[in-house]
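Please look over the sequence and model below before reading on. The numbered points that follow are meant to be checked against the coordinates, one topic at a time.

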Amino acid sequence: MVLLVAIGAVSMLLVRIMVRVRVLDHPVARSAHSVPVPTGGGIGIMAAFMAGMPVAGAIWGSGTQRPASGHFGTAGFIGALALLCLVSWYDDLRPRPVAVKLLAQFAAAMVIVACFPPLAITSTAATLLLAIGSVVWLVFMANCVNFMDGMNGLVSGTSLCAYLMLPWLAPAPVAATVIPIAGSMAAAIAGFLPFNFPRARIFMGDVGSQGCGMVLGTLGLLLAHGGHGGWAVMPLLMSGLLCDVTFTLLRRWRAGESIVTAHRGHLYQVAHRSGLPCTLLSPLAWGMCLWGGALAWLLRHGGIPAWAAFALAAATQAAWAGYVRHRVRTHPVGRW
């Protein structure tokens, strides 16, 4: 507990410093704010996390089982995150082309995948496909969280809920690795959240959203390595964000619109434009994360089969999308 408080305090101190530095996020087409707001609060999150996680691993990782196939490379993991955060922070200061961001994301993802102990797969082709799929998953998660980070407290609060639930959802074989990562990130985000919700004094910026997304993706891979239904935990926990991003990208692609250009077409953005406040929408997103965690817990403990868990999660997201579509008929927002 002392370590968690220390991580949170370091995060809070660094965030306060970034508020005073005042590297401003100017409103763009996808923004929910109308005036410039300091950005780069993710530096406090990621710096506190990377400083505290090795200590957390030494404390919490000693009393639980470790993967039989080997150890997760913590040093490489932190190094990959540091690389991603440096590039993301530079992008926050001086926006770079999308290709530069993707290059940094793929480089970090490949390093992280290399940190995993090898699985007992004899086929070279299967091993290669698994590695490629893992890299794509990490890049997708980094961008998913980055795309959704457009409203006070939505991503930070949702991520905090996910990290707090993960120690109870992790299969025993990987719990020793998952718990220090999840606990350290939860403490770091807790130090940031008071500055971001309900009134945003600072934003996470790319350095926070991409870093947080990459950590969530890594935890998803660790849970999958642990077996016992662990593969389903992260998709269920983050079903709200994942479904919003997937729905929006598919809709824009079908309409012939760019999927990388800034926009305000995410479901939460459309709902906000229709008049719903962030003080309602962000806690709603947190509730969806907790609901997904409850479904994951039931699945892991044999309460429901995987198909039922995903059907219930999908039904929740379909109901939310249906409500937003219904609302914009009575509260027109123009082109999505």
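1. Cys212 is buried, at 0% relative accessibility, where buried stands for under 20% relative accessible area, exposed for over 50% and partly exposed for what lies in between (1.4 Å probe, protein chains only). This is a predicted model, in which local features need pLDDT of at least 70 and side-chain atom pairs count only at pLDDT 80 or more, while totals for chains, interfaces and linings use all residues. Residues are numbered from 1 along each chain as its sequence is written, and side-chain values use heavy atoms, with hydrogens and water left out.

2. On the cysteines, the count of disulfides is zero, a disulfide being a pair of cysteine sulfur atoms within 2.5 Å. For Cys212 the closest cysteine sulfur belongs to Cys85 and lies 10 Å away, which is too far for a bond. Cys144 is buried as well, with a relative accessible area of 1%, and its sulfur is 9.4 Å from the closest cysteine sulfur, that of Cys243, again too far for a bond.

3. How many salt bridges does a search of the whole structure find? The search finds three, a salt bridge being a side-chain nitrogen of Lys or Arg within 4 Å of a carboxyl oxygen of Asp or Glu. In one of them Asp91 pairs with Lys101, with the closest N and O atoms 3.3 Å apart; this pair links distant parts of the chain, as Asp91 sits in helix H3 and Lys101 in helix H4, ten residues apart. Helices here are DSSP runs (H or I, at least four residues), numbered from the N terminus.

4. Lys101 also meets Asp206 in a salt bridge, at 3.5 Å from N to O, and this pair too joins distant parts of the chain, with Asp206 in helix H8 and Lys101 in helix H4, 105 residues apart. Asp91 is buried at 7% relative accessibility, whereas Lys101 is partly exposed at 22% and Asp206 is buried at 12%. Through shared partners, salt bridges join Asp91, Lys101 and Asp206 into one network.

5. A further salt bridge brings together the side chains of Glu257 and Arg252, at 3.2 Å from N to O. Arg252 is buried, with a relative accessible area of 7%.

6. Helix H2, spanning residues 42–60, deserves a look, since it bends by about 35 degrees at Met53, with a proline, Pro54, following within four residues; the bend is the angle between axes fitted to the seven residues ending at a position and the seven starting there. Met53 is itself among the buried residues of H2, which also include Gly42, Ile45, Phe49 and Ala56. Their cover includes helices H1 (2–21), H3 (74–93), H7 (172–192) and H8 (205–225), with contact taken as heavy atoms within 4.5 Å.

7. A nonpolar surface patch of about 1000 Å² includes Val98, Phe106, Val136, Trp253 and Val260 among its residues. Patch residues have over 30% relative accessible area and no salt bridge, with nonpolar side chains (Val, Leu, Ile, Met, Phe, Trp, Tyr) joined within 5 Å and like charges within 9 Å. Helices H4 (98–114), H5 (124–148) and H10 (239–254) each supply at least two patch residues, and H4 gives the most, with four.

8. Val260 lies in the loop between H10 and helix H11 (267–273) and counts as exposed at 54% relative accessibility. Its C-alpha atom is separated by 9.0 Å from that of Leu249, eleven residues away along the chain.

Technical notes:
Areas by Shrake-Rupley, 256 points an atom, 1.4 Å probe, with all protein chains shown as cover.
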